[in-house]
Amino acid sequence: PPPAGASPGALNPFDRRLKRKQKNWAALQAEPAKCDYLREEVGGRIADRVFDITRTFPLALDVGSGRGYIAQHLTKETVEKLIQVDIAENALKNAVESEIPTVRVVADEEFLPFKEDTFDLVVSSLSHGLCVCVLQIHQVLKPDGVFIGAMFGGDTLYELRCSLQLAELEREGGFSPHVSPFTAVADLGHLLSRAGFNTLTVDTDEIQVNYPGLFEVMEDLQGKYILCMGESNCSWNRKPLLHRETMLAAAAIYQEMYGNSNGSVPATFQIYYMIGWKYHESQAKPAQRGSATVSFGDLAKIEGLLKRGKK
C-alpha cells in the first residue's frame, strides 16, 4: 500500500489489497476453470517459448502463477524444480497439478521474497502489474538467466472500452475507466532495457473471442479477472458501478459498431510476449560499429549473381 501521506496512485496505479480480494474471490468460484481458457492458452504459448531454449533449468520461478497456467504445459525434463508465487492464497490452493516438483509461496509479486541470483528461469503469464516488478525479476535471476513473460497489450478489449465510454458520455456527460489500464508496446522494450535485460525479444499476438453480447463479455471478464479478469478493475480512480441505462446503451453501441453478422460480438485480447536475458560474459556480444566488411548494398549484387547462375 502507498506510504502515509502519499497520494494513492503515486507509487502504483493499482490497489493491491483489492487485487488480492478479487483474485481470491475468483479462485473460489464453482467452476474457475470455465473462465481460464485464455490464461491456459497464453500459458501454453509461453511454455513453447521455454522449449525453444535448448537447455534444462534447475530452478524456475512463476510470478503471478495463479492456478498454474504455465506449469501444466512444462515437463520435468525442461524444468527440474518450480516455485509458484501469487498474491492470492486461494489460487495457489486450487492450482493444477504438474509433473514438476513445485513449491507454492503466497507473496505480492511486486515484493518478491527471494535472494539475488537465485533462479535460472523466470516466467509470468498475464500477471497484473508485471511492469512494476521487472526490476525485481532481473535481480532474482542468475547471470545468463532468462525471463519469459506475457501481458495484456494496449489494444485489449478496445471494443468494450469504446462502447462504455461512448455510452457514459451520452448518458452521464463523462466517463471513467472500467477496465484496468494496459501497457503500450513502445514502452515495453525500454522498460526491460532499463531493468537491465539484454538480447530482448518482444512480439505481439491477438486472440479474439466471440460472445452473445456485452453482458456476457463482462460476466466472463469478471470470472477470469480483467474487469480486469476476477481482477476486476482495481485502479485507484475506478468508478464503483455503472447505471442500468448506461449499460443498455453500451450494449446497443457494442452491437452496432462491432457486431458480427450472426449477432455475436467480438472481444479482442492483445498479448505482448517478451524475452530478456540477464547479462553474463559468455553471451554473444554485438560487433563494434564500423567493423563490418560487407555493406547491405552488396546483397542486391549477390542476388543478381545468383539469378544469373540459375539461368
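This is a predicted model: local features need pLDDT of at least 70, side-chain atom pairs count only at pLDDT 80 or more; totals for chains, interfaces and linings use all residues.

Student: How many residues does H8 have, and how far does it reach?

Tutor: Helix H8 covers residues 244–258, which is 15 residues, and from its first C-alpha to its last it reaches 21 Å, close to the 21 Å expected at 1.5 Å a residue.

Student: At what angle do H5 and H8 pack?

Tutor: The angle between H5 and H8 is about 130 degrees, and their axes are 8 Å apart. Because of that angle, H5 is oblique to H8, and H5 passes H8 in a right-handed crossing.

Student: Which residues make the contact?

Tutor: On the H5 side they include Leu160, Leu164 and Ala167, while on the H8 side Ala250, Ile253 and Tyr254 are among them. Sorted by class, the contact of H5 with H8 has twelve nonpolar, two polar and six charged residues.

Student: Switching topic, where is Leu157 found?

Tutor: Leu157 lies in the loop between strand E5 (141–152) and helix H5 (158–172). Its phi is near 60 degrees, a positive value in a residue other than glycine.

Student: Is Leu157 buried or exposed?

Tutor: Leu157 has a relative accessible area of 0%, so it counts as buried.

Student: And what about the phi of Thr199?

Tutor: Thr199, which is found in strand E6 (residues 197–211), also has a positive phi, near 50 degrees, in a residue other than glycine. Thr199 counts as exposed because its relative accessibility is 52%, where the cut-off for exposed is over 50%.

Technical notes
Residues are numbered from 1 along each chain as its sequence is written. Side-chain values use heavy atoms; hydrogens and water are left out. Helices (H or I, at least four residues) and strands (E, at least two) are DSSP runs, numbered from the N terminus. Buried means under 20% relative accessible area, exposed over 50%, partly exposed in between (1.4 Å probe, protein chains only). The expected span of a helix is 1.5 Å times one less than its number of residues. Axes are lines fitted to C-alpha atoms, for helices over the stretch in contact, and angles run from 0 to 180 degrees between N-to-C directions. Angles under 35 degrees count as roughly parallel, over 145 as roughly antiparallel, 65 to 115 as roughly perpendicular and the rest as oblique. A crossing is left-handed if the near helix is turned anticlockwise from the far one by less than a right angle, and right-handed if clockwise. Contact means heavy atoms within 4.5 Å. Ala, Val, Leu, Ile, Met, Phe, Trp, Tyr, Cys and Pro count as nonpolar, Asp, Glu, Lys and Arg as charged, and the others, Gly among them, as polar.
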